[in-house]
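Please keep the sequence and the structure at hand while reading.

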Amino acid sequence: MVMIAFYFFAVLITLLFLVTVMSKNVLYAMTSLAAGMVLISGLFFILGADFLGAVQLIVYVGAVMALYSFAMMFFDMSKDVKEKNGSAATVFVLGGAIALMLVVVFSAPVIGQGVSSLYPEAAGATNPQAVGLVLFTKYLVPFEVAAVMLLVAMISGIILAGKKMDASLSTTEEEIPEMTQGGEK
Amino acid sequence: MDGILTILLFFPLLAGLLGFVVNKDSIRAYGIAVASIEFLLSLWLWMSFDVTHAGFQFVENIPLVSDFGISYYVGVDGISLFIIIMATLMTLIGIIALNIKKDIKNLIITLLFLEVAMVGVFISLDAILFYLFWEFSLVPMLYIIGAWGGERRLYAAIKFFLYTFTGSLIMLVGMLYVAYVYHSVSGSWSFAITDWYALILPLDVEKWLFWAFFLGFAIKVPMFPFHTWLPYAHGQAPTVGSVILAAVLLKMGTYGFIRFSLPMFPDASVLYITPVAILAIIMIIYTAMVAYAQEDMKQTIAYSSVSHMGVIIIGTFAMNAEGITGSVFLMLSHGIVSGALFLLVGSIYDRRHTKLMSEFGGLASVMPKYAVIYGIMLMASVGLPLTIGFVGEYLSLAGFYKISPIMTVLAGTSIILGAVYMLNLYKRSFFGPVTHEANATLNDLDGKELAALVPLVLIVVWLGVYPKPVLVPIDNSVKALTSFMHEKAQTRVAKATIVVSKKNKEMK
Amino acid sequence: MLEPISVSLESLNLITLSPMLIAIVGALLILVIDLFKDTLDKTLYVMLTMLILFIDIGATYSLNINERGFFDLLLADGLSVVSQLIILLASLFFVPLALTASNKRFHEYAYPEYFALFLFMVAGFQFMVSTDNLILIFVGLETASLSLYTLIAMHNTRGAHEAAVKYFTMGALAAGFFLMGSVAIYALTGSVELYEIAKILQSQGADESALMLPMMGGVVLMLVAVGFKVSLFPFHMWTPDVYEGSSAPMAGYMSIVPKLAMVVVAMRIFGIYINLDIEAVSYLIIIIAVITMTLSNMMALVQKDVKRMLAYSSISHAGFVMAALALGTTKANSSIFLYYAMFMVTNLGAFAMLWISQHKKKHFDERYDHPFEKFSGMISVSPMAAVIMGIFMLSLAGVPPFSLFWGKLYLISSVVDFAVATAETKYIVLAILMVLNSAIAAYYYLKLVVYMFLKAPLASDTVVYANQSRPLNVVIGVLAMVTITSIFYVQPLLEFITYLVSSSGY
Amino acid sequence: MIGLGHYLILSGILFSIGLVGVLRRKNLLMLFFATEIMLNAVNIAFAAISNHYHDMAGQMFAFFVIAVAASEVAVGLGLLVILYKKYGTLDLDAYTVMRG
Amino acid sequence: MENLVYIALFAPLAGSLFAALFGMSKKNIITGIVTSTLIFISFVASAILFSHVMTVGPVHVRMMDWIMAGDMLIPFGFLVDQISVTMMTVVTLVSTVVHIYSNGYMDHDKSFNRFFSYLSAFVFSMMVLVMSDNFLGLFIGWEGVGVCSWLLIGFWYHKEDVSREVNPSISPSWAANEAFIMNRIADLGMLVGIFILYWNVGSLQYDVVFAALPNLSDGILVAAAVALFIGAMGKSAQFPLHTWLTDAMEGPTPVSALIHAATMVTAGVFLVIRANPLYSMEAVHWVSYFIAALGTFVAVFAASMALVNRDLKRIIAFSTLSQLGYMFAAAGLGAYWIALFHLAAHAFFKALLFLGAGNVMHAMDGELDIFKMGGLKKVMRWTYLYMGVASLALSGIGIAGIGFAGYFSKDAIIEVAFNEHTYVLWTILVLTAGLTAFYSFRQVFLTFHGNERYHALGIHPHEMYGYVLVALSPLAILAVVAGFYKDWFEHFVTKLLPEYHMSEHTHHIAWILGLLVIAFAVGGIVLAYIKYNRGLKRNEKLERSFVYRLLSNQYYIPIFYEKTISKPYAALSRFSWGTVDQKVVDATVDGIGKFIKTTGDTTRKIQTGNLSDYLRWMAGGALLLVAIAFVAFKLSQGAH
């Protein structure tokens, strides 16, 4: 059962992501990306990471994809995108080689077999509970830093997309008494 | 007077910094005054120097980076004493003879900084301190060549800088190697060369270290085939630059051999006498020929410098007190003589704006004083007895005879080939009828030039006739050096090759 | 039901968090002030930022060494203290450069948020270096990076936009590699905490060769991410473009702080392998370091723009540092910090000097902002500036007695020591390659010196030293003084660094 | 039985797909899509290892990766907005002023 | 006595420095007078020393240390013994005469003062050479006379270079350089000899060295002897280093008389005589024989060239060369005192001959071609007399114990050659005596007898100043009477030099040998008389013959040197400079730089500015790292 689910998800995700990568149409690409992400949350559920699955759905499919859709509309990209892909071979050889490398690396034995878990799932706790337990003790600091990061992202987004950036002070000429060379003889 | 070396070292630095304040019309007088004081200080050093004592004197040792064993460790012995005096003298002479109007303030200040570096190199007893001054000396010289030089000055300046810089960096690796070996033997860091002397290195380590140091020094000397920067540097440098370059900066290389290579790696030095001597002989003969082929007076003298430096190297690697004393003395004499020759070429260049021999001819009739001084310097350059040039050349060759008679004969061709190109130069420029109109009305040397040159002439004659006051301190230190090397040497060949002077044996 | 967990406040050791907290609180403070009144002058923000950095330095300096806090997540060891101090000092020198002109002189300084973001970035870097948990390293890295991208883009010129987007995209890819590397390590050891990982690997040391493949896989993936951040070949490609596109001080800042932070991370990660005597890792790093320094030097040699030249030169310096990092000795690690400390004053100074002549519209050239020609004959136009820039260049070239010479000396010394101690000729070759690279590097630094001192000045109205201002002069003056007088403080500095590094076991 | 290896290999393949996307895309927006794929691929691996060791750290990592991904999108789109507003194209071939 | 030594030595130096003060100003007769007086004082001091040495014994003074390094201690020490005092007296005597003579000869020259400065400096150097008590001190003088010779040959430096056909010496400055450089070649040999002695004996003092000779191995003795003789060959212009001597005639005639006839060129002979303990060693027997053989060869070789030469001074120069050959023959055969005696005698009559030639030249407005002279005896009686006497002395005319100086000295040498059973040498020497007589009188007759060919040139010859002629008289007298002091001289110098005794057999037939030599000499004179007394009859056919051209071109040796040494050297030098130095050595250095730059330029192209490429490089970089990791892994495996 698990096996069927895994292969089902795996094949589908792979295909969807391939579409994302290969499609000329932004809409297709984005849709398949969103679909792939939804399916990944399925994998999370299989792995017992319920909280992660939920977050995946909410953050990725909900927030990120929404952001992308808005962006797509803003950029007016409903048409096919023309891309000059000079050396497809290079790209695929590189991608293939990296894939091969990762596969080889990951298929090697894992030594941690005998290692006891440092932060085992608390006995009897559900996954979200366990997550909460770790997140608000051990990983409280990263959590807060992540908050800062999101704040940074927000500020950045606001600034970069904001109107103030439209005219650049760094390039417009304005009234500054200039000290030209030789002015201080 | 204990702090005299510190005063000697930092006085020009301070003066250079204060020089920024001096008005540019008065800067030349300021420069002369400062250089004179510095020269007098160096003479004072000589006066207070104990000539009977072979070791380092006026030693000061203040830790700078104690965790890494770097200290402000200075002192002089007979070997370095006179080179320092020569450095201060040639700076003074160079400033007196200065005939440059453009940016003279910068030039004088640069010269004073250069003097700091030169004095620093020769008084340093700490390898890093030595390296520090060694490298730093490149900067003012770069500026002097690059800013006041001839047409291809930038090329020449950069070539000079990079070439020496590269060599010395390899040397730095060698120094760090020795330092670590010292550290692992003694447990503490030290870059003091007196500590390093005591270090007995394994033979194969000595071998590669020898070449690491060799590269740094050989480029500076410059030895064949690393000499090609020199003709450019000389050819493009202003007179004062050439004077100091030839007189002092080149000596850093040969001084390095004596201060570092010989006492630190006696076995390797003995082992590599032959390859080094072959290079030196190529340098002597080949560059003498190249010098003969030159059309440009200054280039001839530049190549002649290389050729003479070959004799210095030969003397250094003679491994006996005669040769090494000779090579140190030859450093002095070459400094004085080539410095004077560059000054002389500079004076004619100032008048005619050319240095080509073909442009001259018959100068002896027009500028007799000039011709006389030139002639004296020329004779000193070809090693005429009773001039300063003979003593060192003779001792160097005599010393090396002990190593290899055949190579001595080959090296001795220096006295023939030197005469060939020098006399050719003299004949073409000074003899014959006055062929160029422009030469007929040239003024003879003026007071300023005479003030710079006459002292040199006097020194040339004085030290040629009575070199004893200079030779004795050098010789004392050199004898101590050779007996030290003899004791330190590990291989039988080295022990046999390094000659300890009998007098020194008796002294013990 | 879950048992409630009780955590005592003392066991958290909150003090270890204080440096970052100060920066974050400072940033928030700036945001709040801006919220209340948005017409305040940037001088306020600059000074606030500097004050915060001062407090931060104090807090960092007063940390007890080798303490862990927050469930062992934070690590205040010598490495973190010394790197934070360098980061903070660099920041302290960087911020006042914003004072250079009125509010509206340059786009980024018109935003109070600029300073907030800057402080967030500093906090991010501080987190990065003061933990050995891969998660926190990653989050800190991203916080800092995202701020940095924005800071670059805020300069708001075409170059800045291009730079930001290039940096951003490559950064995203590098983040992917970092994560994949973490996966590899995590998969292998079941832990994301480096000290645990080290323990596990050590205990498994017996059949280490069987593990070589996944281990090296992790190392390679990590090295891609590290290589991107410290700009090793061929992950360096963003560097010249981003430096060129950003404002000069920012470029100078980027050549030090992010790199140093990543070097510390690399020291922590690769240190594990190096301490385990897995020589392959050392060799890998050394080979890539040598390639980096050589190629970047050669490319720097042919640059026409000073800023790009300095960018390539900083790549080559990174190669130097990585070579030392591969040795793993205390001396090598100390030398890295000494090197960065020395590099910081010099390189910031050099970039700040470029800043002086940066102009908004009057680009010197169609393509370049700071071509070498612009500096022709600077000695006669502005002698003091030329002398100072010359000193910075000589220092970069490693000419004694200027600051970077000592860094270089100690660094090469560490390589030579290693060679002697292990009796391996390879490392002597490495040392020689390093010095030969220094010699090549000397050429391009010298090129600028030659332009400034030895060439005739250009016609008078082509160069505008528009940004010259008192704060700038003060900063540059201080940096120049620090560069020149290095010989007097090398000893205490070295002592301090060695103490910190060795006490944390590196 | 589905072992850890399966997940890791799937993760690796997805990562490579993302990488191919990053390498071949010239449109910046679509390039960003590909980076999302890479991050997601990593998340699968983390979740799987976490499951394998019964260790929460992997899930934590994945959680923070998601956070980071979200932040990156914000900043990245902000950059794209500027680029688009100022230069009217998201084709990265247009942004090659600085080179050499 | 010490003071006298210093007076003899330093009086010329004082004179030189005094004259040098006026070196750049106009002619000042005082310089001439002062220098001449000082040289005369030196002569007086030398003469007193001579008598002191004769009566009391040698004087050895040590002025001060010069060079001290290692175990080497070279003092300025002066040894006045029989050999050196002889040389001192001869040198100062001839110098005095030449100085006085020069007052007249140089009176129209604008560099009058400079000339005296140089000339006195030369005397000083020569005194150092002969008086020094060690080899290095001798070397000082050796080089010193070389420089003075250079200065004096090139005295008229302003003359232009001309082709070899016009003037075989090209120009004074050229000749000066040639002389200096050729001497330097030999000096190297001398230096090597000094090194050999130093490293094997440990000192360079004559007494120490000579005392140590018996302890040295044969090889070292031979090497030292050869090396020192090479030095002597240069200074005494022995083949193959002889070409400079005739070219040196470009200098003013007093110079030729003093330096290139009487004193400096004999320094080589002096060296061999000085080092007689070395050359007498059994081990160096062959070297000595070689010296004698070379001397004999040079004697005939130079005489042959003199036969056809038309230049008055060059003829005399060749004769000098020839006579130096005689001296070496004597020294080589062990008859050191005879060599020294011939040296002294030769100095007198050769100086006289040259100074007479100078008179002629002065009279002829610098013309030296004897084919353009003739009949001068009418206007230049005294000169004719002097030159006649000198030529007779040179030819060795005399009979039965009565004769000119040359008769005694040269005959003795020929006798020695016979006595040593070196009959080939003897034959050649006898033959040379005939040749000598012929060319000497050819020159005398062509100059003073026959028709007055100079009228064609519009020259009005006149006799030299009276005081000059008076000044020459001591030389003339000595040329006549010096021979009579032979036995006295022998007695004097053999206190120091080894005695040389003819065997009984030789002693018996000495008168026959003497007669034979005289016969050859007289025959030569007669032949010259017949051919040239009536004037010049040019034999075109003879002049075109190979032998004649060979001789008049000095066996083509100068041209040979030019073609095989000077020109190839210059070409090789240009090659070294243009090709080796610039295109190989320097180009390599620049090539490295260029290579780095080119690589940089190439590598730089990967920086396309395109983000896509960057990203691909990153991915590629990951693979590169994998590859490097593989290499690194192999490396680390290899290390274990």
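Of the 506 residues of chain C, 74% count as buried, a residue being buried if 20 or more other C-beta atoms, placed from the backbone, lie within 10 Å of its own, exposed if 12 or fewer, and partly exposed in between. This is a predicted model, in which local features need pLDDT of at least 70 and side-chain atom pairs count only at pLDDT 80 or more, while totals for chains, interfaces and linings use all residues. Residues are numbered from 1 along each chain as its sequence is written, and chains are lettered from A and ligands numbered from 1 in the order in which they are written.

Chain C contains 21 helices and 2 strands; helices (H or I, at least four residues) and strands (E, at least two) are DSSP runs, numbered from the N terminus. The radius of gyration of chain C, taken over C-alpha atoms, is 22 Å, close to the 23 Å that the globule rule gives for 506 residues, so chain C is as compact as a globular protein of that length. That rule is 2.2 Å times the number of residues to the power 0.38. Along the principal axes, the C-alpha atoms of chain C fill a box of roughly 75 × 60 × 40 Å.

Contacts between chains come next. Two residues are in contact if their C-beta atoms, placed from the backbone, lie within 7 Å. Among the 8 pairs of chains that touch, chains A and D have the most contacts. Chain D contributes 62 residues and chain A 74 residues. On the side of chain D that touches chain A, α1 (4–24), α2 (28–53) and α3 (56–87) of chain D each supply at least two residues, and the largest share, 24 residues, comes from α3(D). By contrast, chain A and chain B do not touch, and their nearest C-alpha atoms are 15 Å apart.

In chain E, the axes of helix α1 (residues 2–21) and helix α2 (residues 29–55) come within 8 Å and cross at roughly 170 degrees. Axes are lines fitted to C-alpha atoms, for helices over the stretch in contact, with angles from 0 to 180 degrees between N-to-C directions. The helices α1(E) and α2(E) are therefore roughly antiparallel to each other, a term for angles over 145 degrees.

Finally, B:A237 lies in the loop between α10 (229–236) and α11 (239–264) of chain B. B:A237 is buried, with 29 other C-beta atoms within 10 Å. Leaving aside neighbours within four places in sequence, B:A237 is in contact with B:I144, B:I145, B:G149, B:S242 and B:L245.

Methods:
Parallel < 35°, antiparallel > 145°, perpendicular 65-115°, else oblique.
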